[in-house]
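Me: Please take a close look at one helix of this model and the pocket beside it. I would like a single connected account, starting from the chain as a whole.

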Amino acid sequence: MRGYPIDESWYLVPMTTILKIFAWLLAAAVAFATLGPPRFRPYSDLGQDGEHALAFVLIGLAFGLAYTRNRLPTSAISVVMTGVIEILQLWAPGRHARFEDFAVDALAACVGLTVTAGLDWAIQRSRRANADAS
């Protein structure tokens, strides 16, 4: 039995807006943790590189979900902004700018963005296969 197509577009705009707000709030939180006073920085057992990787993978995932139509510019902006945050640490008391941190952060953000692109590709492919089968 074939049903009527379901119009799912009614939730796309509010969901995209929520994802964009979440992505920017997450980026602001990471920027504060990176540039703010060291006493406000969260610490974990992951070590410095692990903490950086986790934070920036999450940022990559958030921005990848929020900005699905502009993946290449989003990736480029992510790498540039990661560099800017690292350079700004030169003027943040108690902080240091290191190329290793930049490399880990930029790579992790790109991994998050790549994961969302892969998921989007798989979903689109599945939808096309289902549409062709109907």
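Reply: Of the 134 residues in the protein chain, 27% are buried. The model is a predicted one, so local details are given for residues with pLDDT of at least 70. The chain has four helices and zero strands, and its order along the sequence reads α-α-α-α. Its accessible surface is about 9,400 Å², with carbon and sulfur atoms accounting for 70% of that area. Taking contacts between residues at least 6 apart in sequence, 74% link residues at least 24 apart.

Within this chain, α2 covers residues 47–66. The helix has 20 residues, and at 1.5 Å a residue it should span 28 Å; the C-alpha atoms at its ends lie 29 Å apart, which agrees with that expectation.

The buried residues of α2 are E51, H52, A55, F56, I59, G60, A62, F63, G64 and A66. As background, an α-helix has 3.6 residues a turn, so residues three or four places apart point the same way.

L61 also sits in α2. Leaving aside residues up to four places away in sequence, L61 touches G112, L113, V115 and T116. The C-alpha atom of T114 is 8.3 Å from that of L61, although 53 residues separate the two along the chain.

The helix also takes part in the second largest pocket. That pocket holds about 440 Å³ of space and has a lining of 23 residues. α2 gives seven of the lining residues, the largest share. Both α1 (12–35) and α2 supply at least two residues each to this lining.

Nearest the centre of the pocket are A33, R41, P42, E51 and H52. Of these, E51 and H52 are also listed among the buried residues of α2. A33 falls within the range of α1, 12–35.

By residue class, the pocket lining consists of 12 nonpolar, seven polar and four charged residues.

Taken together, α2 contributes buried residues such as E51 and H52, supplies seven residues to the lining of the second largest pocket, and includes L61, whose contacts include G112 and T116.

Notes:
Residues numbered from 1 in each chain as written. Predicted model: local features only at pLDDT ≥ 70, side-chain atom pairs only at ≥ 80, totals over all residues. Heavy atoms only, no water. 1 Å grid on protein atoms, 1.4 Å probe; cavity = no way out; pocket = protein on both sides within 12 Å on 5 of 7 lines; lining within 4 Å. Points joined across faces, edges and corners; volume = space filled by probe spheres on them. Nonpolar A, V, L, I, M, F, W, Y, C, P; charged D, E, K, R; others polar. Expected span 1.5 Å × (residues − 1). Buried < 20%, exposed > 50% of the residue type's maximum accessible area, 1.4 Å probe, protein only. Contact = heavy atoms within 4.5 Å. Areas by Shrake-Rupley, 256 points an atom, 1.4 Å probe, with all protein chains shown as cover.
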